[in-house]
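This report takes up the contacts, overall form and surface of the protein shown here.

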Amino acid sequence: MYGREIDGKVLTLASSGWTYDDLFILYDYETESMWYELPGTNALTCIAGFYVGRQLASLASEYVWWETWFNKHPNTLVLPRG
């Protein structure tokens, strides 16, 4: 999970539909820059476009089963499928 703010602007990230080395390449709607987690980094690096060479920092997160999460955070809301 990564932050989306750069230079005081919030980016809207989405899948580009491309992958490299089994990882998704993302792009931002605002500048159409391409973003990828380069090996050895803990950030999303802009590999093409307006922000080339800049990084979006990784955010603290954890990978857990839904039941584990919900037991710790019972007020969590989810969107229904549909």
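Among contacts in the protein (heavy atoms within 4.5 Å) between residues at least 6 apart in sequence, 23% join residues at least 24 apart. The model is a predicted one, in which local features need pLDDT of at least 70 and side-chain atom pairs count only at pLDDT 80 or more, whereas totals for chains, interfaces and linings use all residues. Residues are numbered from 1 along each chain as its sequence is written, and side-chain values use heavy atoms, with hydrogens and water left out.

The protein has one helix and seven strands, taken as DSSP runs numbered from the N terminus (helices H or I, at least four residues; strands E, at least two), and from the N terminus on these elements run β-β-β-β-β-β-β-α. Its radius of gyration is well over the value that the globule rule gives for 82 residues, so the protein is more spread out than a compact globule; the radius is taken over C-alpha atoms, and the rule is 2.2 Å times the number of residues to the power 0.38.

| Quantity for the protein | Value |
|---|---|
| Radius of gyration | 15 Å |
| C-alpha box along the principal axes | roughly 40 × 25 × 25 Å |

Of the 82 residues, 20% count as buried, where buried means under 20% relative accessible area, exposed over 50%, and partly exposed in between (1.4 Å probe, protein chains only). W66, found in helix α1 (residues 66-72), counts as partly exposed because its relative accessibility is 46%.
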